[in-house]
Amino acid sequence: MTPLVTASPKDFLCDRQQVLAWLTANVPAPRLQHILRVETMAAELALHHGLDVDRAAWAGLLHDLAKYFPPERLLSMAQEAGLPITEVDEADPHLLHADISALVARQQFGVTDEQVLAAIANHTLGQAGMDALSCVVFLADSLEPGRGQTVELEELRKVAHQNLQEAVWRVCDRTLLWLIDQHRLIHPRMLLTRNWAMQVAPAKPKKSERKATAKV
């Protein structure tokens with residue numbers, strides 16, 4: 001796959017090959033391919049929306065650093081960092097992996113760019129009021145080509161090129177519907193993200209788009 005990150009901005013102390021070597025040693029090959037697709041889609045969306053392509057690509061490349069950390073490690077790192085931990089996080093520590101990935105990006109790779117760190121931390125649950133770069137990485141994680149080629153996903157990809165916030169709340173709706181269908185816990189942060197995005201970019205959902213899809 002063609003590298004998206006062509007240079008290290010001043011706030012990065014690593015290069016792409018260092019990150020790839022670390023990922024190869026710490027995540028399974030299928031997950032690495034997902035990460036590379038997120039990197040690509042984040043860069044493409046950033047370019048389309050006039051955002052910083054390098055920052056989007058870096059955030060995409062770094063977004064799943066803690067994906068395979070065991071639950072006890074995720075909880076321990078979150079506690080040590082003073083991150084807010086909800087009852088839902090305690091019941092399903094995997095939901096902390098995005099925030100912990102931002103910590104690893106800072107500690108392991110010297111990332112200090114706050115926009116990039118926020119985009120990493122927000123890629124799973126989002127955040128009310130998050131900036132466009134965070135929206136781009138959130139959407140790339142959900143909509144990269146490996147997620148499928150259904151009519152619903154293709155429509156969401158089109159929306160992501162038209163209006164980032166509308167795409168965010170539509171992705172949230174689908175994830176929430178899937179969680180309800182699977183009788184899974186719902187993190188309050190995703191609800192806040194969904195409501196914020198809907199208020200910023202109101203649009204009436206179509207009945208034909210109610211089939212649930214979810215990020216894993």
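## Exercises on a predicted model

By the ring-pairing rule, this predicted model has a count of 1 aromatic pair.

**Exercise 1.** Work out which residues form the aromatic pair and how their rings are arranged.

*Solution.* Start with the names: Trp22 and Phe109 are the partners, with 6.0 Å from centre to centre. Next, take the angle between the planes, 80°. Planes over 60 degrees apart count as edge-to-face, so this pair is edge-to-face. Then place the two residues: Trp22 belongs to helix H1 (residues 16-26) and Phe109 to helix H6 (residues 97-109). The pair links distant parts of the chain, 87 residues apart.

**Exercise 2.** Decide whether Arg157 is buried or exposed, and find its surroundings.

*Solution.* First find Arg157 in helix H9 (residues 151-162). Its relative accessible area is 11%. Buried means under 20%, so Arg157 is buried. Now look past the neighbours within four places in sequence: Arg157 is in contact with Met41, Leu143, Glu144, Pro145, Arg147, Gly148 and Gln149.

**Exercise 3.** Find the ring that the charged end of Arg73 sits over.

*Solution.* Follow the side chain of Arg73 to its charged end, which sits 3.8 Å from the centre of the Phe69 ring.

**Exercise 4.** Describe the second largest pocket by its volume and its lining.

*Solution.* Begin with the volume, about 170 Å³. Then go along the lining, where you will meet Leu83, Pro84, Thr86, Asp89, Leu95, Leu96, Asp99, Leu125, Gln127, His187 and Arg189. Last, sort these residues by class: 5 are nonpolar, 3 polar and 3 charged.

Notes: Residues numbered from 1 in each chain as written. Predicted model: local features only at pLDDT ≥ 70, side-chain atom pairs only at ≥ 80, totals over all residues. Heavy atoms only, no water. 1 Å grid on protein atoms, 1.4 Å probe; cavity = no way out; pocket = protein on both sides within 12 Å on 5 of 7 lines; lining within 4 Å. Points joined across faces, edges and corners; volume = space filled by probe spheres on them. Nonpolar A, V, L, I, M, F, W, Y, C, P; charged D, E, K, R; others polar. Helix = DSSP H or I, 4+ residues; strand = E, 2+ residues; numbered from the N terminus. Buried < 20%, exposed > 50% of the residue type's maximum accessible area, 1.4 Å probe, protein only. Contact = heavy atoms within 4.5 Å. Phe/Tyr/Trp six-rings, centres within 6.5 Å; stacked < 30°, edge-to-face > 60°. Lys NZ or Arg CZ within 6 Å of the ring centre and 35° of its normal.
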